[in-house]
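Here is a short briefing to read alongside the structure. Keep the viewer open and follow the points as they come.

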Amino acid sequence: SSEMKEWVGAIQDIVLGLLNKLKSGKEQRLEIEGHTIGDDKTPEMVWREIQRESEQNKYCADCSASHPDWASINLGVLICIQCSGVHRSLGVHITKVRSLTLDKLDVDVANMMKEVGNAKVKKIWKEMINPSLAKPKPKDNATKQEIYIRKKNANNVFDSKNIFER
């Protein structure tokens with residue numbers, strides 16, 4: 001679909017940007033809604049700007065809890081603290097979790113998060129996930145959330161290689 005091609009293109013652009021940054025050694029800055037993200041902003045300020053990029057970024061990509069304070073930086077989604085624990089248990093080869101308030105945000109990661117975000121990733125997941133898999137709600141117990149997140153991974157939904165090969 002066109003959304004998936006956009007997502008793949010955004011990730012490829014980020015990878016190319018990282019390679020160029022390594023070659024040039026130049027500092028890069030990120031523009032979001034007319035604001036420059038740089039060293040003068042706290043990590044929390046940077047993440048909050050990314051959350052404002054899309055209405056979907058104001059909710060956990062997995063359970064729809066409001067005000068997610070965590071992100072899977074390789075998937076490009078914002079998640080709640082409860083879902084972040086499940087993501088962490090899956091391993092960094094599947095999902096790399098960062099705190100929105102405690103971790104420093106790399107400019108290239110911010111660019112990727114800005115370009116991808118919950119809305120685009122959810123569209124891709126919708127195409128790849130079995131429709132009978134019930135999405136958890138914010139107040140569901142941790143077991144329901146864990147089952148959902150793990151089942152999505154059973155078919156390598158999070159594996160970017162599968163997404164690029166489609």
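Predicted model: local features only at pLDDT ≥ 70, side-chain atom pairs only at ≥ 80, totals over all residues.

**Helix α3**
- The buried residues of α3 are Cys 83, Ser 84, Val 86, His 87 and Leu 90.
- These residues lie on the same side of α3, because they cover an arc of only 160 degrees around the axis.
- An α-helix has 3.6 residues a turn, so residues three or four places apart point the same way.

**The largest nonpolar core**
- This core holds 37 residues, and Trp 47, Ile 79 and Met 113 are the ones that touch the most other members.
- Among the elements that give two or more residues to the core are the helices α1 (2–24), α2 (43–52) and α3 (81–90), along with the strands β3 (70–72) and β4 (77–79).
- Beyond its neighbours within four places in sequence, Trp 47 is in contact with residues including Ala 71, Leu 78, Arg 98, Asp 103 and Met 113.
- In soluble globular proteins, nonpolar side chains tend to be buried together.

**The whole chain**
- Seven helices and five strands make up the secondary structure elements of the protein chain, and their order along the sequence is α-β-β-α-β-β-α-β-α-α-α-α.
- Of the 166 residues in the protein chain, 43% are buried.
- For contacts between residues at least 6 apart in sequence, 60% join residues at least 24 apart.
- Carbon and sulfur atoms account for 52% of the accessible surface of the protein chain, which comes to about 9,400 Å².

Methods
Residues numbered from 1 in each chain as written. Heavy atoms only, no water. Core = buried A, V, L, I, M, F, W, Y, C linked by side-chain atoms within 4.5 Å. Buried < 20%, exposed > 50% of the residue type's maximum accessible area, 1.4 Å probe, protein only. Helix = DSSP H or I, 4+ residues; strand = E, 2+ residues; numbered from the N terminus. Contact = heavy atoms within 4.5 Å. Arc of directions from axis to C-beta. Areas by Shrake-Rupley, 256 points an atom, 1.4 Å probe, with all protein chains shown as cover.
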